[in-house]
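User: I am new to this structure. Please show me how to read its features one at a time.

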Amino acid sequence: MTGAGKSAVGNTLLGMDTFHSYPAEECVTLNCETSEAVLESGRKIKVADTPAFYADSNMLEVLNFFEFLAPGPHAILIIIRPCRISKRDVIILDEMQKIFRDDQLFYRFAILVFVRKNDIIGEYGCCVNIHEYIKDYTNKDILNLYEKCGQRAIAVANRQSWKGRNVEAIEIMKEIDKLDRVYFHEFFQKTVQVEELKKELKNELTKNMKKKKWFSFLNFHEIN
Ligand SMILES: Nc1nc2c(ncn2[C@@H]2O[C@H](COP(=O)(O)OP(=O)(O)O)[C@@H](O)[C@H]2O)c(=O)[nH]1
Ligand SMILES: [Mg+2]
């Protein structure tokens, strides 16, 4: 989703303004961008920021940063702006599974990250925690996504002082640390495998595109 806050969360995690993050109707992040940082704790992290996924070509783009994230990725953060996620966004997420070959693998490493925490939680929000918010205030598509992600969810406020953002970053890292990371290490370690995946995905997308053309022709035919 464009303008969700993906780049902002990336910056919060890194502890600095690396990715472009500002209000824009058009997609600000067009290609996957990567950055790394050494946290106060001494831990090294690598973050890949992605564009909004609305086109098949974006998905191929994701494969390009697997090498950068090796031996990860260790976590997939699905950034959600409260009340702005659409059914289409959820469907696109499901499409992402193609890259990981099976949905369980994709969602096993996924965490829902709701931005604009202050709008939904605490003094100005409606809930005491993110889990209550998801259960009481979101629709069944999000609930379904939440279940697929093993009920892993966190809310963060990106628009605040760096002192506050650093605290949010620690909380996100805690969620990431709860994930089992061994499997990814083995799965994506070899670049060869990534190349194979790319080829496979390209073939499948080409097939899908041909199918789409056929369907649009059918629609055209029906209207006339
Ligand atoms: N108030 C508030 N604004 C946020 C938060 N996170 C992101 N934003 C704003 O949302 C806008 C879009 O963010 P951006 O990171 O560029 O979204 P992206 O397109 O998903 O990468 C920017 O103006 C951010 O400052 C948040 O937690 N609270
Ligand atoms: Mg962005």
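Analyst: The turns below go through strands, cores, rings and backbone angles.

User: What should I know about the model and its numbering before starting?

Analyst: This is a predicted model, in which local features need pLDDT of at least 70 and side-chain atom pairs count only at pLDDT 80 or more, while totals for chains, interfaces and linings use all residues. Residues are numbered from 1 along each chain as its sequence is written, chains are lettered from A and ligands numbered from 1 in the order in which they are written, and side-chain values use heavy atoms, with hydrogens and water left out.

User: How do I read strand pairing, and which order do the strands of the open sheet have?

Analyst: Helices (H or I, at least four residues) and strands (E, at least two) are DSSP runs, numbered from the N terminus. Two strands pair if DSSP finds at least two bridges between them. Here an open sheet of three strands has the order β3-β4-β5, with parallel pairing. Its edge strands, β3 and β5, each pair on one side only. From one strand to the next, the twist averages 25°. Five bridges join β3 and β4 in the parallel sense, and I79 stands opposite V113 in β4.

User: Where does α7 lie relative to this sheet?

Analyst: Angles run from 0 to 180 degrees between N-to-C directions, and axes are lines fitted to C-alpha atoms, for helices over the stretch in contact. Contact means heavy atoms within 4.5 Å. Helix α7 lies across β4 and β5, and runs at about 105° to β5.

User: What do β1 and β2 form?

Analyst: They form a hairpin with five residues between them, and G42 in the turn has a positive phi of about 95°. The two strands run antiparallel and are joined by six bridges. E33 stands opposite D49 in β2.

User: Is S35 buried or exposed?

Analyst: Buried means under 20% relative accessible area, exposed over 50%, and partly exposed in between (1.4 Å probe, protein chains only). S35 has a relative accessibility of 11%, so it counts as buried. It is found in strand β1, residues 33-38. Leaving out residues up to four places away in sequence, S35 touches L14, M16, T18, F19, I45, K46, V47 and F68.

User: How do I read a nonpolar core, and how many residues does the largest one have?

Analyst: In soluble globular proteins, nonpolar side chains tend to be buried together. A nonpolar core is a set of buried Ala, Val, Leu, Ile, Met, Phe, Trp, Tyr and Cys residues joined through side-chain atoms within 4.5 Å. The largest one here has 26 residues, of which I78, Y107, L112, F114 and I130 touch the most other members. Elements that give two or more residues to this core include β3 (76-80), β4 (110-114), α7 (130-137) and β5 (153-155). A second, separate core has 19 residues, including V9, L14, I172 and I176.

User: Which residues is I130 in contact with, beyond its neighbours within four places in sequence?

Analyst: I130 is in contact with F114, I120, I121, A153, I154 and A155.

User: How do I read aromatic pairs, and how many are found in the whole structure?

Analyst: A pair of aromatic rings is described by the distance of the centres and the angle of the planes. Rings of Phe, Tyr and Trp (its six-membered ring) pair if their centres lie within 6.5 Å; planes under 30 degrees apart count as stacked, over 60 as edge-to-face and the rest as tilted. The search finds two pairs. F114 and Y133 are edge-to-face, at 5.9 Å centre to centre with 80° between the planes. This pair links distant parts of the chain, with F114 in strand β4 and Y133 in helix α7, 19 residues apart. Y133 and Y137 are stacked, at 6.0 Å centre to centre with 5° between the planes. Because they are four residues apart in helix α7, Y133 and Y137 are separated by about one helical turn. Y133 is buried at a relative accessible area of 4%, and Y137 is partly exposed at 48%.

User: Which residues have a positive phi without being glycine?

Analyst: Most residues other than glycine have a negative phi. C83 has a positive phi near 70°. C83 lies in the loop between β3 and α4 and is exposed, with a relative accessible area of 73%. R116 has a positive phi near 55°. R116 is in the loop between β4 and α6 (117-120) and counts as partly exposed at 36% relative accessibility.
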